[in-house]
Amino acid sequence: MDIIGSLIWQFIKHRRKAIEHFSIHPNKVQETIFRKLIREAQNTEWGTAYGYKEIDRLQTFCDRVPVSSYEDVQPYVQRMLNGETNILWEGRISSFAKSSGTTNSQSKYLPLTPQAIEKNHYQGARDTILFYLMNKPNSSLFTGKTLTLGGSQKVKKSARNIVEGDLSSFLIKDTPFFVDFVRAPKRDIAIMSEWEAKLEAITRDTLHKNITGISGAPAWVLTLFKKVLEVSGKETITEVWPNLEVFMHGGINFEPYREQYKKLIPSPIMSYQEIYNASEGFFAIQSDLTENAMLLMLDYPVFYEFVPLSDIGNPFPKTYTVEEVETNKNYAIIISTACGLWRYMIGDTVMFTSKYPFKIKITGRTKYYINAFGEELIADNAENAIAKACQKMGAVVREYTVAPIFMSSKSKGAHQWLIEFEKQPEDLALFAVELDKCVQEQNSDYEAKRYKSLTMDCLQVSVARKNLFYDWLKLKDKLGGQNKIPRLQNNRLIIDELLNL
């Protein structure tokens, strides 16, 4: 173990005790966080409006404060962007993470406080490394550099020098100087705003460095890999970076990309570690690399509530604490944070795979699903189905999206899958049949609707031209960072845009 790695090991024993504590006593830890958040915000405009000074228990909080979406808090955020103080959180907030949403042309701006950056986002990054070293005690990660593929940053001068940008750009920009010894590319390159120029610069900067780790969103890292191979003339990433040992990934489901990564990195030392981080917060980490689930980090300044999918849309739904949830059931996440987001529904759905410790899998988005015919298809179903179909048919998918084909007087309903293949199956019609079977295996409601084609016909597969999804994101000015393609749509707005393009 190198010097930096040895120093990190000194902290593992202390941190392990804290993790064991919140795994055994989740409500005790969460209640402490809840009370601290309420206390620190009681003199804000929001805290005054909802009587935070009188809130002494969770039920009072749930009775007084409605569940909110970004649309609900946007007027408050706009005032904060204009420099007003003590609105959702104490003091003046000068940093805002620009969200990676793709469904609206208007981006979301989420407040970032120093407390949240240090005790949530940076702590999440530290814990990710700690878990990795606990899994790989003989790691050589710190003998080289970790390539971090993040977003851009710019100053919005019209709002009193309020700084906005992708979350990753803040984290890259504000880390201590010594982190540069183990991170690549250079800071000025890492926060470049023009994606294609940035891709070129990162490639040139890292091509001949000893890259031992990579962090980023799977789709965009894959794009970087292809650029690296193009410039280097090599066939695999292992030839370029032979000591690469881990990819820490988040943002989207990794399964559709796994085979491509295995092909590009045919290395026996390679590992993959999933993290659950977003502009709103850092929430969970894959603590065991042999298990397909992430540990929910309950001692960060985030208070969690969970809502069954059937109650979504109710401003005062019945919510459950982490200790009250059931395993193998889908919930929407509601968070209250040290950034001034109160009972905020972030839009992700999760399923608990275990309790004590509390581990989760991301199953989809509250807005990204298809229920046009009562099939209730969620992202987790789609991701698992296409991974299985590709494995069986020898196909490799680069990007895809799914939307309903609505019933007409002459036809039943169906789903249309628009897929950009890295490797197209030999028989596309047979692939569609196999994919349809796999979706039925994943979703009993879909299977019921497909029974004897009484309600729905077999899904249709349309082949997207090369770089279609990339070009669509470019038109939307959403290249790089955590930007992603919506996998499931309950309407045809996005898929029709793509088809027209």
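D205 is buried, with a relative accessible area of 13%, where buried denotes under 20% relative accessible area, exposed over 50%, and partly exposed in between (1.4 Å probe, protein chains only). The structure is a predicted model, in which local features need pLDDT of at least 70, side-chain atom pairs count only at pLDDT 80 or more, and totals for chains, interfaces and linings use all residues. Residues are numbered from 1 along each chain as its sequence is written, and side-chain values use heavy atoms, with hydrogens and water left out.

The side chain of D205 meets that of K209 in a salt bridge (3.2 Å, N to O), a term applied to a side-chain nitrogen of Lys or Arg within 4 Å of a carboxyl oxygen of Asp or Glu. K209 is partly exposed, at a relative accessible area of 27%. Across the whole structure, the search finds 26 salt bridges. Among the residues involved, E200, R204, K227 and E230 are linked in a network of such bridges.

A further salt bridge joins the side chains of E255 and R258 (2.8 Å, N to O). Both residues belong to helix α12 (residues 255–264) and lie three residues apart, about one turn of the helix. Helices (H or I, at least four residues) and strands (E, at least two) are DSSP runs, numbered from the N terminus. E255 is partly exposed, with a relative accessible area of 28%, and R258 is partly exposed at 23%.

E291 and K359 also form a salt bridge, with their closest N and O atoms 2.8 Å apart. E291 lies in the loop between β10 (281–285) and β11 (294–296), while K359 lies in strand β15 (residues 359–365), so the pair ties together parts that are 68 residues apart in sequence. E291 is partly exposed, with a relative accessible area of 28%, whereas K359 is buried, at 8%.

Helix α2 (residues 26–40) was examined for its span and its buried side. The helix has 15 residues and reaches 21 Å from its first C-alpha to its last, close to the 21 Å expected at 1.5 Å a residue; the expected span is 1.5 Å times one less than the number of residues. Its buried residues are P26, V29, Q30, I33, F34, L37, I38 and E40. Seen down the axis of α2, these residues fall within an arc of 165°, so they line one face of the helix. The arc is that of the directions from the helix axis to the C-beta atoms. The exposed residues K28 and T32 are carried on the face of α2 turned away from its buried side.
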